[in-house]
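Reader: I am new to this structure and would like to know what stands behind the terms used for it. Please take me through a few of them.

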Amino acid sequence: MKKALKITLKIFLAFFGFIFLYIIAVFSLSKITVNHELDTKPEVEVYILTNGVHTDIVMPTKNDQIDWSKQVQFQNTKDADSTYKYLAMGWGDKGFYLETPEWSDLKASVAFKAATGLSTTAIHATYYKKITEGDDCKKMMISKEQYDRLIKYIDESFQKDASGNFLNIKTDANYGKTDAFYEANGSYSLFHTCNTWANSALKASGQKCCFWTALDSDIFSKYK
């Protein structure tokens, strides 16, 4: 009996020790700022956008470097409207995206898989006709060379078929009439969240960001 209690106590101590160290990492590493690259031309307009939990990267639907709508096709949205000028993309846990429209719908199995990196991931792509700056949306002007790096980072986040096409997820779990889901590469976990992905996108394109973060608020704190 005493042996079982000791084992149980060690498990609890290890668990709470892990949680404590994780919180310290979230707090401390996010405070380290990776500054934006200097002496670059302001050539391409991009944004970061948050819904209060999750960060999206927003880009022009098309410019002379890339036409995202060739892969993220308008016809995959309910609206199928080709006049949208901006495309927001975010990476995250597929179970959260497709099975958890509200926090009250969260299943223990989905949460466990997401926390431990056992589930698959998806890209959520949303078209917008206009973008309005505010506390939840910050604009930055980047160079074409930096945008090439951002394009590469995001493109490599998509799963593709043998012909190089993004894999659209057929679902009724869309959030509105202008969004669609796509199969993604990588695993979601406590150490690689949707906001970690967005922060890495900023880092890849030479923009101000956190050394590491799991939270959207840490990213946006760099743009106050």
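Author: Two strands count as paired if DSSP finds at least two bridges between them. The model is a predicted one.

Reader: What makes strand 2 and strand 3 a pair?

Author: Four bridges join strand 2 to strand 3, and the definition asks for at least two, so the two strands pair. They run antiparallel, and tyrosine 47 stands opposite valine 58 in strand 3. Strand 2 and strand 3 form a hairpin with four residues between them. In the turn, glycine 52 has a positive phi of about 105°.

Reader: How do you know that strand 2 also pairs with strand 6?

Author: Six bridges join strand 2 to strand 6 (residues 137-142). The cut-off is at least two bridges, so this is a pair as well. These strands too run antiparallel, with leucine 49 opposite cysteine 137 in strand 6.

Reader: Why is strand 2 called mostly covered?

Author: A residue is buried when its relative accessible area is under 20%. In strand 2 (residues 44-50), six of the seven residues are buried, so the strand is described as mostly covered.

Reader: Why is glutamine 65 called partly exposed?

Author: Its relative accessibility is 24%. Buried means under 20% and exposed means over 50%, so a value in between is partly exposed. Glutamine 65 is in the loop between strand 3 (55-60) and strand 4 (86-93).

Reader: What makes the link between glutamine 65 and aspartate 148 a polar contact?

Author: The two side chains make that contact at 2.9 Å, and the limit for a pair of N or O atoms is 3.5 Å, so the distance meets the definition. The side chain of glutamine 65 also reaches the backbone oxygen of lysine 144 at 2.8 Å. Leaving aside neighbours within four places in sequence, the residues in contact with glutamine 65 include Val44, Tyr147 and Ile151.

Reader: What caps the N-terminal end of helix 5?

Author: Threonine 193 does, with a side-chain oxygen 3.2 Å from the backbone nitrogen of asparagine 195. Just after helix 5, glycine 206 takes a positive phi of about 75°.

Methods:
Residues are numbered from 1 along each chain as its sequence is written. This is a predicted model: local features need pLDDT of at least 70, side-chain atom pairs count only at pLDDT 80 or more; totals for chains, interfaces and linings use all residues. Side-chain values use heavy atoms; hydrogens and water are left out. A polar contact is a pair of N or O atoms within 3.5 Å; within protein, one must be able to donate a hydrogen and the other to accept it, and residues adjacent in sequence count only if both atoms are side-chain atoms. Helices (H or I, at least four residues) and strands (E, at least two) are DSSP runs, numbered from the N terminus. Buried means under 20% relative accessible area, exposed over 50%, partly exposed in between (1.4 Å probe, protein chains only). Contact means heavy atoms within 4.5 Å.
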